[in-house]
Amino acid sequence: KELTFVIVGAGPTGIEFAAELLDFIEEDGRRYYKDLLPFVRIKIVEAAPSILRPFEDGMKDEAIRKLTRKIEIEGVQTLQPLEILLNKLVSEVSANYVYFKDGEKIPYGMALWAAGIGPLPITTSMVESLDDTEQKEAQDFARGRLGVDPWLRVIGGEGKVFALGDCSCVSSTPMLPATAQVASQQGEFLGKLLSKDYCVDAKTGGVIIPPMMLDEGQSRSLSERIASFATGEKNIAAPFQYLDLGILAYTGSGSALAQLQVAPGKGDPSSETWNPVRLQIKGALGFGLWRSIYLWKQTSPKNVVLVTLDWLKVKLFGRDISIL
């Protein structure tokens, strides 16, 4: 029981944690805990019928193959510690057990929650406070999040309240994933919108209108010019547009998945049949791309050097287990 690890959620976070745990068993466990390795169990629990839902089927199969691989260690029976449990809805997590809605339960020593979370109280409270506005109708698509317009203004908030990230849902687009990539782009968009001379709460006939430029002499970006052309309004602010930069997931043993959208699909993006052109990279090449992106996202040259040195140290001397 104490060596059973239960990971709830088979998105990139849960899969990457499981992959790192497998690497620890394979690379460092043999040095320190060889006698305990046969008792280790890793269980990935997912409510959906597949893991890594944003990825294509072939990429999912590759991830399953890597995660459920057999591990050969001298002096230890062949190990296959990881098990993936699909279509399993968690009803409760106690101090010793994970309970499922079908009545089953799993004893565990450590549980990691990598599944979705409910809205924060402040989000729920704001949705309720706007119940007598257009926000009530917006909940048909927002479903507990704050419905926002294409400029991230909270619907019913008179143009004075903005929301971004996991707590928001843009009315004019398909449901965006609850990822840092979306929140980062929305934060950058809002920063530019609020730093320029736009009137964000103007009304016409009691109806909120798109943000309009007050200073006609200020420079406009290409997206703003396109928005003006599309709407027939010269000084309108460009709405938020999400750019899918791709998704990555480490799958263990020096292998990773990278899926990049390189061209839009035909038809309606909100349709389930919409299928954009995606570049799929896996294995060692995907791992190289995954680590390159990780370094690129560091906020300073100092962090790049420190992370690189940490990777080299682990490669040469193994992981530091002094604080375990």
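Me: How do the residues of the lining of the largest cavity divide into nonpolar, polar and charged?
Reply: Here a cavity is a set of points on a 1 Å grid over the protein atoms alone where a 1.4 Å probe fits but cannot get out, and lining residues have an atom within 4 Å of a point. Ala, Val, Leu, Ile, Met, Phe, Trp, Tyr, Cys and Pro count as nonpolar, Asp, Glu, Lys and Arg as charged, and the others, Gly among them, as polar. By that sorting, the lining of the largest cavity comes out as eight nonpolar, five polar and two charged.

Me: What kind of model is this?
Reply: Residues are numbered from 1 along each chain as its sequence is written, and side-chain values use heavy atoms, with hydrogens and water left out. Local features need pLDDT of at least 70 and side-chain atom pairs pLDDT 80 or more, while totals for chains, interfaces and linings use all residues, since the model is predicted.

Me: How much space lies in the largest cavity?
Reply: Grid points are joined across faces, edges and corners, and a volume is the space filled by probe spheres set on the points. One cavity of 30 Å³ or more turns up. Of the 15 residues lining the largest cavity, R145, G165, S168, L176 and V182 are the closest to its centre. The space in the largest cavity is about 90 Å³.

Me: Which element gives the most to the lining of the largest cavity?
Reply: Helices (H or I, at least four residues) and strands (E, at least two) are DSSP runs numbered from the N terminus. Strand 11 (168-170) and helix 5 (180-195) each put at least two residues into this lining. The top contributor, with three residues, is strand 11.

Me: And which element gives the most to the lining of the second largest pocket?
Reply: A pocket is an open set of points with protein on both sides within 12 Å along at least five of seven lines. The second largest pocket holds about 760 Å³, and helix 1, helix 7 (283-296) and helix 8 (301-317) each give two or more residues to its lining. With eight residues, the biggest giver is helix 8.

Me: How many residues of the lining of the second largest pocket are charged?
Reply: There are 24 lining residues, and those nearest the centre are E20, R291, W311, V314 and R319. Nine of the lining residues are nonpolar and three polar, and the charged ones number twelve.

Me: Which elements do the buried residues of helix 1 pack against?
Reply: Buried means under 20% relative accessible area, exposed over 50%, and partly exposed in between (1.4 Å probe, protein chains only). Among the buried residues of helix 1 are G14, I15, A18, L22, F24 and E26. With contact meaning heavy atoms within 4.5 Å, their partners are strand 1 (4-8), strand 2 (41-45), helix 2 (57-67), strand 3 (71-73), strand 5 (82-85) and strand 16 (247-252).

Me: Which residues is A63 in contact with, leaving aside neighbours within four places in sequence?
Reply: A63 sits in helix 2 and counts as buried because its relative accessibility is 0%. Its C-alpha atom is 8.7 Å from that of Y250, 187 residues away along the chain. The contacts of A63 are I51, L52, T251 and L257.

Me: What is the phi of L52?
Reply: Most residues other than glycine have a negative phi. L52 is in the loop between strand 2 and helix 2, and at 1% relative accessibility it counts as buried. Though not a glycine, L52 has a positive phi of about 45 degrees.

Me: What is the phi of L152?
Reply: L152 lies in the loop between strand 10 (146-148) and strand 11. It counts as buried, at 0% relative accessibility. L190, in helix 5, touches L152 along with W151, F162 and L164. The phi of L152 is positive, near 65 degrees.
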